[in-house]
Amino acid sequence: MAVPEFLSTAELLKQGAEARVYRAQFLGKPAIVKERFPKRYRHSVLDEKLTHRRTVQEVRSILRCRKAGIPAPVVYFVDYTSNCIFMEEILRSTTVRDHIVGAQQSDAGNDVELRLLAQRVGQTLAKMHDEDVIHGDLTTSNMLLRRGPQDKESELVLIDFGLSYISALPEDKGVDLYVLEKAFLSTHPNTELVFEELLKSYAASSKRSPAVIKKLEEVRLRGRKRSMVG
């Protein structure tokens, strides 16, 4: 069955500016299919090259993470003709965003739990950056907590590598953290101490972190200057 015909029977979950995301069964397994569709406003040859390159970069980043032991979806199949990636659907999971919102709304007071979660996120991102993977769109919606069997700790899974690329530059890693910081603090008010815990964990988990944190401070300063200028 051709990919377009296959997608016609799949469930469309969402459509963004760059891609459509479907839910389907692939070889008997629950799967997510990401389809990068043509952009009519771009020259067709340029669009084909850009779309192909972004598909390759996304797959490469996912595979590099998995090879390093960083939880990310299994890639089942890639069709470069239609620029479709068939990957594992992460079942029994919730987004880190929803988990934090739920914890904040709870009367139980979950400061300790949120700080422990922040430490895990920091460790995972440090490991990802040590592999020179730049996610490009770090938000708490692009991190999942997959429930383990019985009472085992949930697994932190990184998803949506659509803007990812490979780079060893501390500047790129600092910008990656800055994107997360802006998204984190705007989505989750009054979590400055939680994010600070995330950065401490990141710094303690990577020997390369001093250069990255220094670049993060520089990016923050540039951001504040732009805000002042308006």
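**Figure 1. The second largest pocket holds about 210 Å³ of space.** Among its 14 lining residues, Phe37, Pro38, Lys39, Asp47 and Glu48 are the closest to the centre of this pocket. Two elements, β3 and α2, each give two or more residues to the lining of the second largest pocket. Helix α2 makes the largest contribution there, with 4 residues. Sorted by class, the lining of the second largest pocket has 7 charged, 5 polar and 2 nonpolar residues. The model shown here and in every view below is a predicted one.

**Figure 2. The largest pocket has a volume of about 820 Å³.** Its lining counts 32 residues, and Lys14, Val21, Asn142, Ile159 and Asp160 are the closest to the pocket centre. Several strands each bring at least two residues to the lining of the largest pocket: β1 (11-15), β2 (19-26), β3 (29-36), β5 (84-88) and β6 (93-95). Helix α2 (44-67) also supplies at least two. The lining of the largest pocket has 13 nonpolar residues, 11 charged residues and 8 polar residues.

**Figure 3. The largest pocket in its domain setting.** Why is the largest pocket said to lie between the domains? Domain 1 (5-88) and domain 2 (93-223) both give residues to its lining, so the pocket lies between them.

**Figure 4. Domain 1 meets domain 2.** The domain assignment divides the chain into domain 1, residues 5-88, and domain 2, residues 93-223. Their C-alpha centres are 24 Å apart. At the interface, 16 residues of domain 1 are in contact with 18 residues of domain 2. The two domains bury about 1400 Å² between them. Carbon and sulfur atoms account for 62% of that area. On the domain 1 side, Arg64, Ile70 and Pro71 supply 37% of the area buried against domain 2.

**Figure 5. The structure holds 1 cavity of 30 Å³ or more.** What is the volume of the largest cavity? It is about 70 Å³. Helices α3, α4 (111-130), α5 (170-187) and α6 (192-205) each supply at least two residues of the cavity lining. Helix α4 gives the most, with 4 residues.

**Figure 6. Residues that line the largest cavity.** The lining consists of Val96, Ile100, Leu114, Leu117, Ala118, Val121, Thr140, Met143, Leu180, Phe184, Val194 and Leu198. By class, 11 of the lining residues are nonpolar and 1 is polar. The lining of the largest cavity has no charged residues.

**Figure 7. Gln105 in helix α3.** This helix covers residues 96-105, and Gln105 belongs to it. Is Gln105 buried or exposed? Gln105 has a relative accessible area of 62%, and the cut-off for exposed is over 50%, so Gln105 is exposed. Helix α3 also supplies at least two residues to the lining of the largest cavity. How far apart are the C-alpha atoms of Gln105 and Gly28? They are separated by 38 Å. Along the chain, Gln105 and Gly28 are 77 residues apart.

Methods. Residues are numbered from 1 along each chain as its sequence is written. This is a predicted model: local features need pLDDT of at least 70, side-chain atom pairs count only at pLDDT 80 or more; totals for chains, interfaces and linings use all residues. Side-chain values use heavy atoms; hydrogens and water are left out. On a 1 Å grid over the protein atoms alone, a cavity is a set of points where a 1.4 Å probe fits but cannot get out, and a pocket is an open set with protein on both sides within 12 Å along at least five of seven lines; lining residues have an atom within 4 Å of a point. Grid points are joined across faces, edges and corners, and a volume is the space filled by probe spheres set on the points. Ala, Val, Leu, Ile, Met, Phe, Trp, Tyr, Cys and Pro count as nonpolar, Asp, Glu, Lys and Arg as charged, and the others, Gly among them, as polar. Domain bounds come from an automatic or database domain assignment. Buried means under 20% relative accessible area, exposed over 50%, partly exposed in between (1.4 Å probe, protein chains only). Contact means heavy atoms within 4.5 Å. Buried area is the accessible area (1.4 Å probe) that two parts lose on being put together, summed over both.
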